[in-house]
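Have the 3D view open as you read.

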Protein chains: 2
Amino acid sequence: METSEAVDDYLKAILELGGAEDSRVTTNALAERLGVRTPSVTGMLQKLASQHPALVRYERYRGVRLTANGKRRAWELVRHHRLIELFLHDVLKYSWDEVHEEAERLEHFISERFEDRVAAILGDPEVDPHGHAIPPKHEAGPYRAEVPLVAWPLHKPAVISSVSDRNAVALRELERLGLMPGVALTVEQSTPAAFAVRVQARSSPVRLGNDLAGYIQVAATDRRP
Amino acid sequence: METSEAVDDYLKAILELGGAEDSRVTTNALAERLGVRTPSVTGMLQKLASQHPALVRYERYRGVRLTANGKRRAWELVRHHRLIELFLHDVLKYSWDEVHEEAERLEHFISERFEDRVAAILGDPEVDPHGHAIPPKHEAGPYRAEVPLVAWPLHKPAVISSVSDRNAVALRELERLGLMPGVALTVEQSTPAAFAVRVQARSSPVRLGNDLAGYIQVAATDRRP
DNA sequence: CATATTGTTTAGTGTCAGCTAAATTTCTAG
DNA sequence: CTAGAAATTTAGCTGACACTAAACAATATG
Ligand SMILES: [Mn+2]
Ligand SMILES: [Mn+2]
Ligand SMILES: [Mn+2]
Ligand SMILES: [Mn+2]
């Protein structure tokens, strides 16, 4: 039941690419995400599928999904990752664009005890610095109701729910623009050429490239106070 | 100039086995310390010696010592290890017998930034939970003047300088007996059968096995106040 | 529906770091 | 000073996990 760093990375990638619907993930998508070649992916998937207990269910030419065991480990890694990010940010004073890279490495190597102690001193937190939900110990999910900002209707109030943590340059830019989780806004313009949002309680609209907007996920403003 | 976890472990072991005098370390000693077989050691030493830049100087049948480059990395690992131990103890509330195992893993994977931030929140500490000196950044040593308790003369005042961190059971026992760094004592009895010390400001002497005593290093009581 | 394109797998290699068995060198004791 | 013991190295393998080149399947398109 021990998993190597490489196996960990595959499991987490399958979880993330499968999304809330747990769809089948293709060899190509995995190769792309992990920065390896497709034959390496095929080889690893065959291994993970034929292990006992198997970590993935794999059908030749038809993609993979995680088994219950695979899911357990993948969610544990997500919990590690997000706890570590928050810890680096809140305790070690990392900026929010610095945490991801370090968490990506350390998530594989911390013990159960480390996980528990970090959760304890952070007060069993539920959200990481980028707005992502921290799964409770031994649990999956949750998946929050959020949609890409670029798919949000014009003028409908929204709150930034989370931002992608995978691009440090984009994160610095988003912070500079004040576009962080919890910020309320409306979409003012959405064309192939440009994208603009009006941040609630701020005068002029904020213009940003579609690429940058693509890193943002939003949700409906919660009406109940 | 990147080192794998395996290479790291060899370098640190050579540093530690070489001691303050930087003596040559044998293949056998390394195999023993690292829990691998001697042919594996020979193979690794040949590789480390023929790299450019070389990390060790190696003569067939005559043992190995670190080059300047090897030393630099080895001391960096020692700094990582001891900083992490102190951090786990002081911030994450690990007990002193729990820190070593976790530090042994994490020392290889933390970034420069992590090292610096941890040192900062600990206030640039100089000693780890077991009394070992934390090397300053980019520096070697220091080696403190300390000798094994079992080699200390009877009735001569001494202070516990450090204790070995490699045996969790022994550490718990030492803590129970109040034998921790900074504690002043004298040796009352030292025979093959048993060992007893009198802890300053405590009535009855403490009896302990020679094995347990073997984990303790002491130094002369500092006269200057 | 046949063929071109795309996606995936198979076959064969390489590197890292471990292992056992056997050969060789060094050390030690008589 | 030499035989036997101990230490070390060499030779040859193994398991992970990458890679390239080539074969094969699935799919899209004219
Ligand atoms: Mn992240
Ligand atoms: Mn990872
Ligand atoms: Mn230690
Ligand atoms: Mn180590």
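Glu107(A) and His108(A) are both buried. Keep in mind that this is a predicted model. What are these two doing there?

Now move over to where chain A touches chain B. Each chain puts 18 residues into the contact. Together the two chains bury about 1,700 Å², and 63% of that is on carbon and sulfur atoms. On the chain A side, the residues losing the most area to chain B are Leu92(A), Phe109(A) and Phe114(A), which together account for 32% of what that side buries.

There's a polar side to this contact as well. You'll find 12 residue pairs in polar contact between chain A and chain B, counting pairs with both residues at pLDDT 80 or more. Which parts of chain A face chain B here? Helix H4 (68-90), helix H5 (99-106) and helix H6 (112-121) each bring at least two residues to that side. H6(A) gives the most, with five residues. By type, the chain A side splits into 11 nonpolar residues, one polar and six charged.

As for charge pairing, there are four salt bridges between chain A and chain B. One of them joins the side chains of Glu98(A) and Arg117(B), at 3.8 Å from N to O.

Definitions and conventions
Residues numbered from 1 in each chain as written. Chains lettered and ligands numbered in written order. Predicted model: local features only at pLDDT ≥ 70, side-chain atom pairs only at ≥ 80, totals over all residues. Heavy atoms only, no water. Contact = heavy atoms within 4.5 Å. Buried area = accessible area lost by both parts, 1.4 Å probe. Polar contact = N/O pair within 3.5 Å; in protein donor to acceptor, adjacent residues only side chain to side chain. Helix = DSSP H or I, 4+ residues; strand = E, 2+ residues; numbered from the N terminus. Nonpolar A, V, L, I, M, F, W, Y, C, P; charged D, E, K, R; others polar. Buried < 20%, exposed > 50% of the residue type's maximum accessible area, 1.4 Å probe, protein only.
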